[in-house]
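This briefing is for a reader meeting the structure for the first time. It goes through selected features, grouped by topic.

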Amino acid sequence: MGQGPWRRRADDRLCGGIAGGIARRLGIDATAVRIVVVLLALAGGFGAVAYVVAWLLLPLDGEDESIGTRIVRDGRGVALALAFAPALVVVLVVGAVLHIGVLTSLAWPVFACAAGFVLVWRNCGPEERAWLHATLDPVVRLGVGPRRSWRAVAARIVVALVLLAVGMTVLAAQHPSAVAVVRPFIGAVLVAMAVVVLFGPWWLRLIRDLVTERQARVRAEERADMAARVHDSVLQTLAMIQRSSDQPQKVLQLARAQERELRSWLFDGEAPGRVADGATTVASGVERLAEEVEALHEVPVDVVTVGDCPLDDPLRAVLAAAREATVNAAKWSGAPVVALFAEVEPATVSVFVRDRGRGFDLAAVGTDRRGIAQSIQARMQRHGGHAAVRTAPGEGTEVELTMPRVGQR
Amino acid sequence: MSDPVPADHAAARPDAAAGPGAPRVFLVDDHHLFRAGVRAELGDAVQVVGEADDVPAAVELICERLPDVVLLDVHLPQGGGQAVLEAVRPRHPEVRFLALSVSDAPEDVIAVIRAGARGYVTKAISGPELVDAVRRVAAGDAVFSPRLAGFVLDAFAALPDDRAPTAVDPELEQLSARERQVLRLIARGYTYREVARELQISVKTVETHVSAVLRKLQLSTRHQLTYWATERRLV
């Protein structure tokens, strides 16, 4: 029988991971639960409503709070959702004035969905947001790829023409004379303008706030990236200087190298900690980072690579994380040699860094030590990958990095 | 593949300085210093019965002294390790070869393995590990260093689907999922024992898998291996 709290499943999911979560909790087959949900949804929509409610109320695996809890605290998100209300009023008024029953009956669910989606979008975790984005993006773009193409434009024109034709037909069918068409139309436009005058400033402010918030998020990400880079270069060098304080020559050499690197960062815009500069493929990048670590820490690194592919940003992040893991192994494990294995498969790139050194207690690492948390795990997650560390005192350490290949899914 | 060494073989050559049961080893390498280094590292654990620094001398001496294991440099003047293998193997299939190299052109290493070497280690290997590798080869097992495991995975993975081999025996043309798992762990730096623990199988089973891979490597009808080798050279 399943145990533990009710949770949405993060791994085995088709949509929100609810059926999977229920199945796991009750110890039954997920497919059976899914069938029941679909049947309930077909029977008057109860299943669909219950599903959405469950999505809002059940926390995802590995998260403490449900989306619902977070929505309650997200004042700006609620304001944004409420901002749909005046627009709904306008549509309802226009629908009523022009006697368009379809518009009135569709307006409610459409606006409720839009507002709900905004709330969910703002308050779900980064992984779910990425998933939602991947799922909804094609819908928003009318089934065409992200690149702007003539097909996207053509699709948009066709949809617009169809809507226009339907709208004109509806208008003409209910109001046979031209004047009769125009008069309620003018009325509707005036009502709409009234609403805009009334709520316009509020909407504008909301949008401005959103933009500010987005910029703040971008800045926070940049800061995290910079922290990881500084950790990789400056902090590592300082740690090495402390360790070799009895060798003035080495200290001098390290300080010089670091100074050069910082200068080129500050004045030439070349990011420090940028791994394996000049390498263009995974295999050559791995080789080069191994050489760098060997030269810097005087511990041999055994490199094995299988397959190869060109480097892109996520893969550079993998190299940076791999370098950090290799440096850790060279510096702290006490092992005479570090094994570095990189494999490029059609769908993923994986890197393993392994040493037979002293290992450590993962739970006992202080949160102030940023190496593993920031430079490895957070960096991999920021780029859509995954990092796992397997270690125990006396058992050596193995760091596993996996990154899906972009455009190969 | 695993013809037993004649039992009276060691007795026929009483120049044994090392203890009984110590494998009789022959060194082939064109660097004198390296041979001396290996000799020192192997120490008493094996009995070094001779050495040579080029292909003709190696072939002649190996055929005369019939060692258990030949430590063979991949790169030799006048034809490379492959030439030694091709000259000795048809006459004395009981002599086993372990390839050794610093410069790791994958296609050269694979060529030596395909010519009949029972394993491949890099020259950076430590003394005890080398002794262990020699013992394994003497016992008829295959020795895969992480690097060789990587080469093999690469070679067998390089085949695009549309080039599927039209081989007589498709079994030989690809690795099983389990063999891949084993090779991947070896490439990650696991020893046979660690591989066995990770996969919850016995060390013997790991050895069986590795030997099977070696056999496939040697017997496969070359489609993908030649394809892979040409790809590598073109890059």
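Helices here are DSSP runs of H or I with at least four residues, numbered from the N terminus. By that rule, Ala138(B) lies in helix α6 of chain B, which covers residues 127-138. The model is a predicted one.

**Ala138(B) and its surroundings**

- Ala138(B) has 21 other C-beta atoms within 10 Å, and 20 or more count as buried, so Ala138(B) is buried.
- Leaving aside residues up to four places away in sequence, Ala138(B) touches Pro23(B), Asp68(B), Val69(B) and Arg96(B).
- Val95(B) is 43 residues from Ala138(B) in sequence, and their C-alpha atoms are 8.8 Å apart.

**Two crossing helices in chain B**

- Helix α8 (residues 177-187) and helix α10 (residues 203-219) of chain B have axes that come within 10 Å and cross at roughly 105°.
- Because of that angle, α8(B) is roughly perpendicular to α10(B).
- On the α8(B) side, the contact is made by Arg178(B), Glu179(B), Val182(B) and Leu183(B).
- On the α10(B) side, Val206(B), His209(B), Val210(B), Ala212(B) and Val213(B) take part.
- Sorted by class, the contact of α8(B) with α10(B) has 6 nonpolar, 1 polar and 2 charged residues.

**Contact between the chains**

- Chain B gives 10 residues to the contact, and chain A gives 10 residues.
- Helix α7 (residues 146-157) of chain B supplies the largest share of the chain B side, with 6 residues.
- The chain B side that touches chain A consists of 5 nonpolar, 2 polar and 3 charged residues.

**Chain A as a whole**

- Chain A contains 14 helices and 5 strands.
- Of the 409 residues in chain A, 23% are buried.
- Among contacts in chain A with a separation of 6 or more, 63% join residues 24 or more positions apart.

**Helix α7 of chain A**

- Helix α7 of chain A (residues 101-123) has 23 residues.
- From first C-alpha to last, α7(A) reaches 34 Å, close to the 33 Å expected at 1.5 Å a residue.
- At Ala107(A), α7(A) bends by about 35°, and the proline Pro109(A) follows within four residues.
- Leu119(A), Val120(A) and Asn123(A) are the buried residues of α7(A).
- The elements covering these buried residues include α4 (67-73) and α5 (75-82) of chain A.

Definitions and conventions. Residues numbered from 1 in each chain as written. Chains lettered and ligands numbered in written order. Predicted model: local features only at pLDDT ≥ 70, side-chain atom pairs only at ≥ 80, totals over all residues. Contact = placed C-beta atoms within 7 Å. Nonpolar A, V, L, I, M, F, W, Y, C, P; charged D, E, K, R; others polar. Axes fitted to C-alpha atoms, helices over the stretch in contact; angles between N-to-C directions. Parallel < 35°, antiparallel > 145°, perpendicular 65-115°, else oblique. Buried ≥ 20, exposed ≤ 12 C-beta atoms within 10 Å, placed from the backbone. Expected span 1.5 Å × (residues − 1). Bend = angle between axes of the 7 residues up to and from the residue.
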